[in-house]
Amino acid sequence: MSTTAETSRAKSGFSLGAGAYQKLLAFASLVLLLIGFSLASPNFMQTANIIAILQATAVNGVLAVGVTLVIITGGIDLSVGTLMTFCAVITGVVLTYWGLPLPLGIVAAIGTGALCGLTSGFFVAKMKIPPFIATLGMMLMLKGLSLVISGTKPIYFNDTPGFTEISRGSLIGAVLPSLPLPNGVLILFLTAFAASYILERTVLGRYTFALGSNEESVRLSGVNVDAWKMGIYALSGGICGIAGLLIASRLNSAQPALGQGYELEAIAAVVIGGTSLSGGRGTILGTLIGALIMAVLTNGLRILSVAQEWQTVVTGAIIIMAVYADMMRRRKMG
Amino acid sequence: MSTTAETSRAKSGFSLGAGAYQKLLAFASLVLLLIGFSLASPNFMQTANIIAILQATAVNGVLAVGVTLVIITGGIDLSVGTLMTFCAVITGVVLTYWGLPLPLGIVAAIGTGALCGLTSGFFVAKMKIPPFIATLGMMLMLKGLSLVISGTKPIYFNDTPGFTEISRGSLIGAVLPSLPLPNGVLILFLTAFAASYILERTVLGRYTFALGSNEESVRLSGVNVDAWKMGIYALSGGICGIAGLLIASRLNSAQPALGQGYELEAIAAVVIGGTSLSGGRGTILGTLIGALIMAVLTNGLRILSVAQEWQTVVTGAIIIMAVYADMMRRRKMG
Amino acid sequence: QDKMYIPLISKGFQHQFWQAVKTGADKAAAELGVEVTFEGPDNESMVDRQIDMLAAALAKHPSAIGFAALDSQAAIPLLKQAQEQKIPVIAFDSGVDSDIPLATAATDNVAAAALAADKMAELIGGKGQVAVVVHDQTSRTGIDRRDGFVNRIKEKYPDIEIVTVQYGGGDQLQSTELTKSILQGNPDLAGIFGANEGSAVGVINGVREMGKKDVVVIGYDSGAAQKQAIRDGLMAGAITQNPVGIGYETVKAAVAAAKGEKVEKNIDTGFFWYDKTNIDDPKIAAVLYD
Amino acid sequence: MADLIEMRGIEKIFPGVHALKNVDFELRSGEVHALMGENGAGKSTLMKILSGVYAKDGGTIRVGGNEVTIDGPRAAQALGISIIHQELSLMNDLSVAQNIFIGREPRLRFGRLDEAALNRRADEIFAAMNLHLDPRTKVERLTIAKQQMVEIAKALSFRSRVLIMDEPTAALNDAEIEELFVIIRRLKSEGVGIIYISHKMDELKRIADRVTVMRDGETVGTVPAASTPIGQIISMMVGRSLSDEAAVIPDLSAAPVAFEVKGLRRGREIRDVSFSVKKGEILGFAGLMGAGRTEVARAIFGADPIEAGEIFINGNRCHIRAPADAVAAGIGYLSEDRKHFGLAVGMDVRANIVMASLDRFTNRAGQLDEKGMRGEAAKYISLLGIRTPSDRQEVRLLSGGNQQKVVVAKWLLRDCEILIFDEPTRGIDVGAKAEIHKLLQSLAAQGRAVIVISSELPEVLRLSHRIAVMCEGRLTGILPGGGKTTQEEIMHLATLRESAMEPVGEPA
Ligand SMILES: Nc1ncnc2c1ncn2[C@@H]1O[C@H](COP(=O)(O)OP(=O)(O)OP(=O)(O)O)[C@@H](O)[C@H]1O
Ligand SMILES: Nc1ncnc2c1ncn2[C@@H]1O[C@H](COP(=O)(O)OP(=O)(O)OP(=O)(O)O)[C@@H](O)[C@H]1O
Ligand SMILES: [Mg+2]
Ligand SMILES: [Mg+2]
C-alpha cells in the first residue's frame with residue numbers, strides 16, 4: 001500500500017553500522033573507569049588484579065545474567081541470591097552428606113535451581129502473583145530452608161577434592177600459562193554466551209522479549225504464554241544454580257547464611273547494563289558490562305584505600321553518572 | 001448520538017457499594033492471621049502485644065506510605081531506608097551537636113528528607129535516569145554520608161529530653177489511660193491519613209496516578225510533568241524524614257548503619273497492599289494493611305516461639321498465600 | 001507444671017558464633033530442665049528489629065530474659081518494663097550499659113583484640129605494614145575489636161603501620177575480594193587481622209588466591225575453615241572466645257535469677273589465643289566450634 | 001449450503017453493561033459482510049467472542065454447520081478464524097516480521113529460529129500487499145498507519161477461512177484503503193468469508209455484499225449492501241436520519257491572524273513549513289501517510305524539539321519548548337494516537353476529561369473540586385454521547401469510538417484559542433462524527449483558530465475553510481475550501497515529490 005518508497009528510512013545498513021558503533025560505545029563508562037584507576041594507582045592495571053576483578057565479577061555476573069532473562073519478560077527476581085545459596089547447600093548435601101560423585105553434585109545444583117525457578121514461574125504465570133511478591137516469598141522460603149537443611153552451619157567440600165577446581169582452577173592457564181584465567185571466569189563467559197545465544201536465536205528468547213513487550217498480544221496470538229514464562233523462570237533458576245556452584249567452590253563450602261542482598265547487586269548490574277525494568281529490551285552483553293563496572297569500581301576504590309564510607313558515596317555517584325552518560329549517548333544515537 | 005437513556009447502568013450506587021464491600025474484604029488476610037494467632041497463643045491478643053505490633057509497624061508503615069506515592073507514579077525508591085537514617089543523623093547533628101531546640105530538629109529531618117527526595121526526583125525527571133538506578137545511587141550516597149557525618153557512631157539524644165516522647169510517649173494514653181497508644185503509632189496513622197487525602201483529593205495526587213497511568217499523555221495535556229514528579233519524590237522524601245524522626249526517637253539515637261534492607265520491606269508492604277509496581281493504581285489503606293500483615297506475621301510467629309529459620313520459611317509462604325487470596329478476591333469482584 | 005521459659009535475644013543468628021552460643025544455651029536448658037528460645041536480627045545494624053524481638057519476648061511472660069544489646073540505650077524502656085514485671089534480665093556477649101541486668105556473661109573484646117595485636121607484632125618482627133578486615137563498622141563487637149587492635153599497635157609498636165581498615169560485613173566472599181584488593185594495593189603488606197570468623201576466612205581465601213605466602217594472618221573466633229587454615233599454616237593463629245560458655249552461663253544465671261537466687265554480677269567467660277601448637281589442647285578444643 | 005459462521009442468541013454481560021442481547025449473525029464463504037453500528041453498539045465485543053478473546057454468556061456458535069466452543073485465540077485459529085483487532089496490539093520492541101509470525105516462527109532444530117526464513121516470508125506477504133516495508137524494522141519506529149498495515153499482514157498470514165477486520169481503515173488514507181480493497185477482493189474470490197467493521201459509510205457500497213446493523217447490543221437487521229440506500233442504513237444505526245450539509249465559509253477577510261508558523265524545520269521530517277490561521281478559520285491539513293502533518297503539529301505543540309522556526313500567536317513571538325508552554329499560550333493538540341498519547345486508559349472517564357484543565361478545578365490549597373469535575377464530565381458525556389455506565393468507568397473499558405470522544409471532550413473542555421485536531425473522528429460513528437463536525441464549526445464561529453488534520457479527504461473538504469497539503473515534510477500548497485477544490489487537486493499536491501517541486505509558500 002504506502003506507495004511512496006521509503007528508501008531513506010529503510011536503509012537498514014545504516015542502522016546496523018550505528019548499532020555496532022553503539023555497542024563499542026557502551027563500553028565507554030567502563031573504559032573511562034579503567035583508565036582513571038590505572039592513572040591513579042600503579043597497582044591497578046596488573047594481570048593479577050585484572051584477574052581478581054574478573055573473579056570478583058563471576059558470581060554476581062552469573063546471577064545478573066540469570067535475572068536479565070526474567071527482567072526482559074517484564075518480571076523481577078528477588079530470590080536469585082538466596083536461591084544461589086540454596087543450590088550450594090543442596091550440592092553440599094549431595095556431595096558431602098551423601099558422598100555422591102561430583103557430576104551428580106553439579107546436576108543437583110543446576111536442577112534445584114531450575115526447579116525453584118519453575119516454582120517461582122508457576123506462582124507468577126499460573127497463580128498470577130506479581131513477580132515481586134512471588135520471588136520475595138521464594139527468597140524468604142529459600143533463605144529459611146537453606147538454614148534448616150544445613151542445620152545452620154556451613155557444609156564443607158573437603159571430601160570432594162576436585163570441587164574447588166570448578167571456580168579456582170584454571171583450564172586456560174593449563175594451556176596458556178601466561179593467562180591464568182580462573183575457571184569461574186570462564187564459566188561466567190560461557191554462561192553469558194549461552195544465555196545470549198538463547199535470547200537472540202531461539203524461540204525461548206523470542207518469547208522472552210515478546211512477553212516483556214506486550215504479553216496480551218502474545219496471548220492473543222495463541223501462544224501458551226504461561227508455559228513459556230515458566231520455562232524462562234526455570235532457565236533463570238538453573239543459571240542461579242551455576243552461581244551456587246561457583247560460590248560454593250570458591251569458598252570450598254556452602255554458607256547457608258549468605259546470599260541476601262546479592263539480588264539487588266545483580267539487578268543493579270542488569271539495569272546499569274541498559275536493560276529496562278519494564279521489560280522488552282535488554283542484552284546480556286550490557287549486563288556483563290554492568291557487572292564489570294560494579295566490580296571495577298569496588299576494586300579500584302579499595303586499591304586506592306579510599307575510606308569505606310566514602311567508597312559507598314563515590315560508588316553511588318559514579319553509578320548515577322555512568323548511567324546518565326549512557327542515556328545521553330543513546331539519545332544522541334537516536 | 002446515543003439517545004437511549006442509560007439509567008439502568010448508570011446507577012453509580014451499585015459500584016460504590018461494591019467498592020465498600022471490597023475495602024472490607026481487603027482486610028480478610030489480616031483478620032485471618034489475627035484470628036489464627038489468637039487461637040494459637042493466649043499471649044497474642046493482649047493490649048501490650050497489640051501495641052507492640054503497632055509500634056513495630058510504625059517505621060516500616062511510614063516508609064511504605066512514602067514509597068507508595070513514588071510507586072504509583074510508576075517509579076520505585078530504593079533509598080527510603082538509608083534516607084530515613086540520613087534524616088535521623090541530621091537531626092542528631094542539629095539537636096545534639098549543635099544543641100538547637102527540638103522543633104528545629106523536626107524541621108531539619110523533614111526538610112532533609114524532602115530535599116533528598118527532590119534530588120532523586122531531579123535525577124529521574126530531568127536527567128531521565130531510570131528510578132531504580134537514580135535511587136540506588138541515592139541509597140549508596142546517603143548510606144555513606146550518614147557514616148561520614150556521624151563519624152560512624154550513633155548520635156544520642158540524651159540532651160534533648162522531649163525527643164523520645166515523639167515515638168514513645170502517648171498523647172492518647174494521657175487522655176484515655178486504657179488506650180496507651182504510643183505517639184509513633186498515632187504519627188503513622190496521621191501520616192497515612194494525610195497521604196491518603198493528598199492522593200485522593202488534591203491535584204498532586206491526581207497527577208501521581210496520571211503519571212503512573214500514562215506519563216506521555218499527561219505531558220501532552222500540557223502538564224509540567226517534570227515539576228510534578230519532582231514534587232512527588234520530595235513529598236515521599238519528607239515522609240521518610242518523619243520515619244527518621246520516629247526511629248531516632250524510638251532508639252533515642254541516630255544509628256548511622258541502620259536502614260539498608262528496609263526499602264525492600266517497605267516496598268513489600270506496598271505490593272502486598274495491592275499497589276501495582278507498574279504504576280497507576282494503589283491505595284494508602286492497602287499499604288497500611290500490607291505493613292500490618294508483615295508486622296503481625298513476624299510478631300505472631302515469635303510469640304509462638306517458632307524456630308527462627310522456620311519463621312522465615314513460613315513468612316515467605318504466607319506472603320505468597322495472602323497475595324494470592326487477594327488476587328482471587330479481586331478477580332471475582334471484577 | 002509449666003517449664004520455666006527463657007528467651008535469649010542475641011545480636012545475630014545465622015553466624016557460627018551465635019550458633020555456638022545457642023548450642024551452649026541449649027545444653028544448659030537440657031541440664032536444668034527449662035525451655036529456651038534463641039533469636040537475633042540478620043545483621044548487627046538492625047537495632048530496632050532487636051527491640052521488636054525483645055518486645056515480643058516480653059509479651060510471652062518469660063521467667064527471665066537473656067539479652068545481648070546492639071545498643072543499650074535503645075533498649076532501656078523495654079528493660080525497665082521487664083524490671084517492673086519482675087522479669088530478671090541477664091546480659092550476654094557484650095554488656096548492657098545499665099544496672100538493670102543482674103549479671104553479664106561476656107568477653108572483653110578490646111582486651112582480646114589487643115592480644116591479637118601483640119601476637120601480630122611478635123610474628124612480623126615488630127615492624128611493617130598491617131591491614132585489618134573487620135565485619136562491621138558500627139556494631140559494638142566490630143568497633144571494640146578494631147579499636148582494641150589498632151590502639152594497641154599505635155601505643156606499643158611505633159614501627160608498625162596500619163595501612164587500611166576495611167569492612168566486609170562478615171560475608172566470606174566479600175571479605176575475600178576485599179583482602180585481594182588490599183594485597184593488590186599494598187604489595188609489601190606483612191600481616192592482616194580478620195576480626196571475626198567470616199572476615200578471617202575471607203582473609204585466608206584472599207591470601208591464598210593471591211598466592212601470598214609471607215603474609216601473617218591472624219583470625220578471631222573459630223569454625224572448621226579457620227581451624228583447618230591454622231593446621232595448614234595459612235593462618236598463624238586466632239583469638240577465640242568461649243561462645244558455648246557464654247550461652248551456657250547466660251541460661252544458668254537466668255535460671256538462678258528466676259528462682260530468686262543470687263547471681264554473680266560479672267561472669268567473664270574469657271578469651272584464648274590458639275595456634276598450631278595448642279589447637280588440640282583439650283582446654284582449647286573445648287571452646288572451639290566447627 | 002450451510003453458513004460458514006452462524007451465531008445465534010449471543011449474550012455478553014460486563015459488570016454494569018449488558019453489551020450483547022440475543023445477537024444473531026451469519027457469514028457465508030466468499031462474502032464481505034459489513035457490521036455497522038454506533039460506538040459502543042457491541043460490534044467489537046461480538047467479534048472478540050468469535051475470535052476467542054471473550055467467553056460468551058449465552059447463545060451458540062456454529063462453524064460450517066457444526067456447533068463449536070471457542071475457548072481461546074488458539075481455538076479460533078484452529079477453526080480458521082483470524083482477526084485484526086480494532087486496537088493495535090503489537091509488540092513494540094520486536095521487528096515487523098517477528099510480530100507477524102509470533103507463535104509460528106519458522107524453526108530449525110533445537111528450538112533455534114530461522115530468522116532468514118522469517119524475514120523472507122514476511123517479505124512475501126508484503127509483496128502480495130504491494131507494501132514497501134523492511135521486515136526487520138522495529139514496530140515502535142512505525143507510524144500507526146504502518147502499524148495497522150502490519151496487523152493486516154499478520155491476519156493475512158494465517159490464510160484463514162474467516163477474516164474479521166475491526167476498523168482496519170481507521171488509520172489509513174485513501175490510497176492505502178484502495179490497496180486493502182484489492183486484497184479483500186482477492187480473498188473473496190478464494191472463498192474466504194470476511195467480516196468488515198467500519199464507520200466510513202462510503203466503503204459499504206464499494207466492498208460489502210451484506211450489511212448487518214447493531215444498536216445497543218441488539219441486531220437491528222441484515223440488508224443487502226447494493227440495493228439499500230446509505231440513508232436507510234444510517235437511520236437503522238442511529239434511529240433517525242442525518243442531514244449532511246457542507247460547510248459555509250464565513251467571510252474572514254477582516255479577521256486578524258491568530259496563529260502563524262514561519263520556517264519550521266527538523267531534519268527530513270519537517271522541511272521549512274510556514275502557514276498562518278486566522279481567528280475563526282478552520283485550516284485543513286491533507287496529505288498521504290507519513291507526509292509529516294503529525295510531526296508539524298507535535299513540533300508546534302512542543303512535544304518534539306525543532307531545529308528552526310518561529311511561532312506567533314496574535315502577532316507575538318512565542319517560545320514553546322514543552323507542551324506545557326503551548327497550553328499556557330492557548331494551544332491545544334488532540335493526538336492521533338489516543339491509546340499512547342491521548343488517554344490514561346487506566347483512569348476513569350471523568351479524570352481523563354479534566355486532565356488538561358485541572359488547574360480550573362483546584363483551589364489554592366491544591367484540593368480538587370470533585371463536584372465541579374463531575375458536572376463538566378456529565379456535560380461532555382451527554383454533549384458527545386459518550387456511552388459509559390458512569391463517569392467513573394475506566395476508559396479502557398469503553399469501546400474504541402467512545403474513547404476517542406473522551407479525548408475530544410478533554411480538549412473541548414480546555415477551551416483553547418488555537419486548537420489542533422489530529423484525526424479527531426478516527427473510529428467515530430457517523431452520527432457522532434456529524435456532531436463533532438458541528439462542534440468544530442461552532443468553535444471556529446466563536447473566533448477560535450482551528451487546525452484539522454485528517455486522512456479522510458471528504459472530511460477535509462467538508463470542514464476546511466482552506467486546505468494545506470503536505471508531502472514528504474514540505475508544505476506543497478494551500479488550496480481554498482468550501483467545495484472550490486476537488487480531490488484530484490489535493491492528490492496532485494500530496495504527491496508532489498521533491499524533484500518536481502517549485503517553492504511554495506503562503507499565497508500572499
Ligand atoms: N471489558 C469490558 N468491560 C466493561 N465494559 C465493556 C468491556 N468491553 C466493552 N465494554 C462495553 O461494551 C459495549 C460495547 O463495546 P464494543 O467495544 O463492542 O463497541 P463497538 O461497537 O465496537 O464500538 P466502537 O465502534 O466504538 O468500536 C460498550 O458500552 C463498552 O463500554
Ligand atoms: N517513530 C518514527 N521513527 C522514524 N521516523 C518516523 C517516526 N514517526 C514518523 N516518522 C517519519 O516522520 C515523517 C512524518 O510522519 P507523520 O506521522 O507526521 O505523518 P502524517 O502526515 O501525520 O501521516 P499519518 O497519516 O501517518 O499520521 C514520515 O516521513 C515518517 O517516516
Ligand atoms: Mg469497536
Ligand atoms: Mg498523522
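Okay, before anything else: what you see is a predicted model.

Let me start with the rings. How many aromatic pairs does the structure hold over all chains? The count is 15. I'll pick out two of them.

One is in chain C, between C:Phe193 and C:Tyr220. The centres are 6.4 Å apart, with 55 degrees between the planes, and that makes a tilted pair. If you trace the chain, C:Phe193 sits in strand β8, residues 191-194, while C:Tyr220 belongs to strand β9, residues 216-220. So here we have a link between distant parts of the chain, 27 residues apart. Both C:Phe193 and C:Tyr220 are buried.

Now over to chain D. The ring centres of D:Phe301 and D:Tyr333 lie 5.5 Å apart with the planes at 50 degrees, so this pair is tilted. D:Phe301 comes from helix α9, residues 293-301, and D:Tyr333 from strand β16, residues 331-334, so the pair ties together parts 32 residues apart in sequence. Buried or exposed, then, for D:Phe301? Buried: its relative accessible area is 0%. D:Tyr333 is buried too, at 2%.

Next, charges over rings. In chain D, D:Arg298 lies over the face of D:Phe341, 5.0 Å from the ring centre. There's also a case between chains: the charged end of C:Arg49 sits over the ring of B:Tyr262, and the distance to the ring centre is 4.1 Å.

D:Ser44 has a relative accessible area of 17%, so it counts as buried, given that the cut-off is under 20%. D:Gln86, at 15%, is buried as well.

Last stop, the surface of chain A. A:Tyr97, A:Trp98, A:Leu100 and A:Leu104 make up a nonpolar patch there, and together they have about 430 Å² of accessible area. A:Tyr97 is part of helix α5, residues 80-97. Its relative accessibility is 43%, so A:Tyr97 counts as partly exposed.

That's my tour, thanks.

Technical notes: Residues are numbered from 1 along each chain as its sequence is written. Chains are lettered from A and ligands numbered from 1 in the order in which they are written. This is a predicted model: local features need pLDDT of at least 70, side-chain atom pairs count only at pLDDT 80 or more; totals for chains, interfaces and linings use all residues. Side-chain values use heavy atoms; hydrogens and water are left out. Patches are made of residues with over 30% relative accessible area and no salt bridge: like charges are joined within 9 Å, nonpolar side chains (Val, Leu, Ile, Met, Phe, Trp, Tyr) within 5 Å. Accessible areas come from the Shrake-Rupley method with a 1.4 Å probe; for residues, only the protein chains shown count as cover. A salt bridge is a side-chain nitrogen of Lys or Arg within 4 Å of a carboxyl oxygen of Asp or Glu. Helices (H or I, at least four residues) and strands (E, at least two) are DSSP runs, numbered from the N terminus. Buried means under 20% relative accessible area, exposed over 50%, partly exposed in between (1.4 Å probe, protein chains only). Rings of Phe, Tyr and Trp (its six-membered ring) pair if their centres lie within 6.5 Å; planes under 30 degrees apart count as stacked, over 60 as edge-to-face and the rest as tilted. A charge sits over a ring if NZ of Lys or CZ of Arg is within 6 Å of the ring centre and within 35 degrees of the ring normal.
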